[in-house]
Amino acid sequence: SGESAIERTAASRALVLATAAQSVHFVESWANGFHIQFPALFGQDPMPLDFFVAFNLEWIAIWVFSVPLIRSGVRPAVFAAWFLALAGMLNALAHPSLAALVGSYFPGLISSPLIGVAGLYLWRRLHRAF
């Protein structure tokens, strides 16, 4: 129907916003050594930088390619968008918690509220559209 098409378009726009926020969050985390500091909390060696970068860029690419598919209601794209919404909201909780745990800045802290709000907005738009 026309109303569901409008809601899917709004959800696709929310996906663009959340993908942009996640991209900012990824750059902050990468530039400040998340791939080193997070595993160190568990006594582990650093995550290989090439894996960390590839993993994040692959998900960003999936979300970018999902934007037009969300408009059409393609279910795998909807799953990818739900994943970003949930991950964004969890990041908003996790990074401040990690900073509190270490007693100082933790990579990703500054942009975690941005991705959290974008994730919540995406969640709400997806809920309305699907």
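Buried means under 20% relative accessible area, exposed over 50% and partly exposed in between, with a 1.4 Å probe and protein chains only. The model is predicted: local features need pLDDT of at least 70, side-chain atom pairs count only at pLDDT 80 or more, and totals for chains, interfaces and linings use all residues. Residues are numbered from 1 along each chain as its sequence is written, and side-chain values use heavy atoms, with hydrogens and water left out.

**View 1. The overall fold has five helices and zero strands.** Helices (H or I, at least four residues) and strands (E, at least two) are DSSP runs, numbered from the N terminus. Along the sequence the pattern reads α-α-α-α-α. The C-alpha atoms fill a box of roughly 55 × 25 × 20 Å along the principal axes. Of the 130 residues, 40% are buried.

**View 2. Q22 is a residue of helix α1.** Its relative accessibility is 8%, so Q22 counts as buried. Contact means heavy atoms within 4.5 Å. Leaving aside neighbours within four places in sequence, Q22 is in contact with N56, W63, L84, N91 and I115.

**View 3. The largest pocket has a volume of about 480 Å³.** On a 1 Å grid over the protein atoms alone, a pocket is an open set of points where a 1.4 Å probe fits, with protein on both sides within 12 Å along at least five of seven lines; lining residues have an atom within 4 Å of a point. Grid points are joined across faces, edges and corners, and the volume is the space filled by probe spheres set on them. The lining has 21 residues, and Q22, F34, F55, N56 and N91 lie nearest the centre. Elements giving two or more residues are α1, α2 (34–40), α3 and α4. Helix α4 gives the largest share, eight residues.

**View 4. The largest nonpolar core holds 28 residues.** Such a core is a set of buried Ala, Val, Leu, Ile, Met, Phe, Trp, Tyr and Cys residues joined through side-chain atoms within 4.5 Å. L15, W63, I70, L84, L122 and L126 touch the most other members. At least two residues each come from α1 (2–31), α3 (49–72), α4 (75–102) and α5 (112–129). The largest share, eight residues, is from α4.

**View 5. Helix α5 has 18 residues.** Its buried residues include S112, G116, L122 and L126. Their cover includes α1, α3 and α4. Not counting residues up to four places away in sequence, L126 touches A11, I70, A81 and W82.

Notes. The expected span of a helix is 1.5 Å times one less than its number of residues.
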